[in-house]
Amino acid sequence: MKLFDTHTHLQDLRLEKKVDEMMARAQRAGVAACLVCGTRQEDWPGVLMVSESFAEALPAYGVHPWFVKDLSVDWLTALAVFLEKSRAVAVGEVGLDFKVEKESRELQEEVFVAQLRLAKDLRLPLSIHCRKAWGRMVELLKQEGGLPYGGAIHSFSGSVEMVREFERLGAFISFSGSLTRPANLKVKKAAKAVSNERLLIETDSPDILPENVSGPLNEPAYVVEVVRSLADVRGDTLESIAEITWNNASTLFYRRDKTL
Ligand SMILES: [Zn+2]
């Protein structure tokens with residue numbers, strides 16, 4: 001089984017000194033690629049370092065909605081430089097979070113749209129965070145002409161209607177360890193509704209630890225738990241889910257200078 005973990009933060013300082021062992025375990029578990037997403041200007045050098053150390057680690061850079069308030073004046077130029085010099089495969093993590101960061105709504109939208117336009121200019125897909133902002137996310141994507149180079153809605157927590165809406169906009173839908181929680185019926189329903197051509201898997205390491213694995217931190221090897229839950233919910237085999245999601249992810253995120 002070859003697995004593609006489409007959303008991680010391996011540059012996270014909580015993982016410092018643990019990444020070598022973690023990547024060895026990931027390899028043994030069949031994880032042959034993982035997208036490493038930056039969240040703010042300060043962690044972009046860390047993303048670059050991880051992506052240079054491990055062939056499986058594909059870099060993405062972006063500003064997460066939680067960090068829009070501490071941007072430098074030249075952040076957008078700096079982002080473009082990072083995306084180009086490291087041959088990034090995506091812009092991310094970007095998005096809207098009206099649950100945790102209500103008061104910065106306008107600024108979040110401004111920063112998100114700027115990154116959406118940059119991604120389009122550089123012909124890159126996006127890794128998108130969306131919490132309690134579904135209607136607005138759809139509006140902004142429509143207003144900006146959709147996702148011509150694709151994108152993934154990471155750790156999807158929306159409704160079945162939103163699955164359909166995002167698929168029409170050209171987005172992929174990615175499921176995390178939250179799907180493994182028995183009580184999370186809304187996510188299970190959504191996971192059943194996604195079409196094979198749009199399905200992705202992720203861990204969001206080091207967060208969102210799946211059920212039945214020992215923590216405290218999540219890691220790419222545990223993406224197999226998400227595969228297990230998806231196979232269960234969709235009435236499919238592990239092998240088939242692995243293959244479908246590998247093919248989707250490698251069509252969406254690929255490194256121009258490396259072959260996976
Ligand atoms: Zn994330």
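The model is predicted, so local features need pLDDT of at least 70, side-chain atom pairs count only at pLDDT 80 or more, and totals for chains, interfaces and linings use all residues. Residues are numbered from 1 along each chain as its sequence is written. Helices (H or I, at least four residues) and strands (E, at least two) are DSSP runs, numbered from the N terminus.

**Helices that cross**

- Let's start with helix α8 (residues 223-234) and helix α9 (residues 238-252), whose axes come within 9 Å and cross at roughly 110°. Axes here are lines fitted to C-alpha atoms, for helices over the stretch in contact, and angles run from 0 to 180 degrees between N-to-C directions.
- α8 and α9 are therefore roughly perpendicular to each other. Angles of 65 to 115 degrees count as roughly perpendicular, under 35 as roughly parallel, over 145 as roughly antiparallel and the rest as oblique.
- From α8, the contact uses Val227, Arg228, Leu230 and Ala231, while α9 brings Leu238, Ile241 and Ala242. Two residues are in contact if their C-beta atoms, placed from the backbone, lie within 7 Å.
- Sorted by class, this contact of α8 with α9 has six nonpolar, no polar and one charged residues. Ala, Val, Leu, Ile, Met, Phe, Trp, Tyr, Cys and Pro count as nonpolar, Asp, Glu, Lys and Arg as charged, and the others, Gly among them, as polar.
- Helix α7 (residues 185-193) also meets α8: their axes come within 9 Å and cross at roughly 75°. This pair is therefore roughly perpendicular too.
- Lys188, Ala191 and Lys192 of α7 make that contact with Leu230, Val233 and Arg234 of α8. Here the classes are three nonpolar, no polar and three charged.

**The two sides of α3**

- In helix α3 (residues 75-85), Leu79, Phe82 and Leu83 are buried. A residue is buried if 20 or more other C-beta atoms lie within 10 Å of its own, exposed if 12 or fewer, and partly exposed in between, with C-beta atoms placed from the backbone.

**A buried loop residue**

- Phe156 belongs to the loop between β6 (151-153) and α6 (160-168).
- Phe156 counts as buried because 27 other C-beta atoms lie within 10 Å.
- Leaving out residues up to four places away in sequence, Phe156 touches Ile173, Ser174, Phe175, Val187 and Ala190.

- Most residues other than glycine have a negative phi, and most peptide bonds are trans.
- Lys17, in the loop between β1 (3-8) and α1 (19-28), has a positive phi of about 70°. Lys17 counts as exposed, with 6 C-beta neighbours inside 10 Å.
- Lys132 has a positive phi near 50° and is partly exposed, with 15 other C-beta atoms within 10 Å.
- A cis peptide bond joins Ser205 and Pro206, with omega about 5°, and another joins Gly215 and Pro216, with omega about 10°.
- Pro206 lies in the loop between β8 (199-201) and α8, and Pro216 is placed in the loop between β8 and α8.
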